[in-house]
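Here is a short briefing on one structure. It covers a backbone angle, aromatic rings and the charges over them.

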Amino acid sequence: MARPREFDEGAVLDAAVHRFWSKGYEATSVRDLAETMGITGASLYNAFGDKRSLYRRSLDHYVSNSFGDRVRRFENELPPFDALKAFFEEIIERSVADRERKGCMLVNSALELAPHDREFRQVVAGVLGEVEAFFRRCVEKGQISGTITAAQPGEDLARLLLSVLLGIRVLARSRPKRELLEGAVRPAFAFLGRKSGR
């Protein structure tokens, strides 16, 4: 009979996410992970498999608790334009407050792993597709209600927002200045048909 796990899986995944997020995949060893997670190397392997498998679980955990959480909170609770605005405002706020300059774990994965690893390329592409789909749903609802310009197709505006998102996520790694990040976002919202200050 298998022994029950003697640790909180969510808590140890949070610890693994933080380690991978701050140091990257290659620079993080299994020993680093076990120490950060507060479990033995054997427990890590038994529960999560090898480092690559743990990274995949950690990335899924990160996406669910960041992008997934934002969509759940904003999409059905706010009007479309406000949902988009709140989405970007929260990302800017967290970027400015992040003293470690970790950026976005998904974007970090896109830069570090995706070019060389087919599985992670597909994972990253899938999540970015979900982000784009969220933007498109909001844009198209706003176009129907008249709060977002219909001068451009919803698909194109969603891709514009995706590009701005990726840009500010990369900028935040080296220059997490509020005025810079807000200045990068503001023209996109003006283009949507309303001033971002409204």
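Arg-101 counts as partly exposed, because its relative accessibility is 38%, which falls between the 20% limit for buried and the 50% limit for exposed. The model is predicted.

**Arg-101 and its backbone**
- Arg-101 sits in the loop between H5 and helix H6 (105-112).
- Most residues other than glycine have a negative phi.

**Aromatic pairs**
- The whole structure holds 14 aromatic pairs.
- One of them joins Phe-81 and Phe-189: the ring centres are 5.4 Å apart and the planes meet at 85°, so this pair is edge-to-face.
- Phe-81 belongs to helix H5 (residues 80-97) and Phe-189 to helix H9 (residues 178-191), so the pair ties together parts 108 residues apart in sequence.
- Phe-81 and Phe-189 are both buried.
- Phe-87 and Phe-88 also pair edge-to-face, because their planes stand at 65°, with ring centres 5.8 Å apart.
- Phe-87 and Phe-88 are both buried as well.

**The aromatic cluster**
- Seven names make up one aromatic cluster: Phe-67, Phe-81, Phe-87, Phe-88, Phe-134, Phe-135 and Phe-189.

**Charges over rings**
- Arg-70 places its charged end over the ring of Phe-87, 5.9 Å from the ring's centre.
- Lys-51 lies over the face of Tyr-25, and the distance to that ring centre is 4.2 Å.

How values were computed
Residues are numbered from 1 along each chain as its sequence is written. This is a predicted model: local features need pLDDT of at least 70, side-chain atom pairs count only at pLDDT 80 or more; totals for chains, interfaces and linings use all residues. Side-chain values use heavy atoms; hydrogens and water are left out. Rings of Phe, Tyr and Trp (its six-membered ring) pair if their centres lie within 6.5 Å; planes under 30 degrees apart count as stacked, over 60 as edge-to-face and the rest as tilted. Helices (H or I, at least four residues) and strands (E, at least two) are DSSP runs, numbered from the N terminus. Buried means under 20% relative accessible area, exposed over 50%, partly exposed in between (1.4 Å probe, protein chains only). A charge sits over a ring if NZ of Lys or CZ of Arg is within 6 Å of the ring centre and within 35 degrees of the ring normal.
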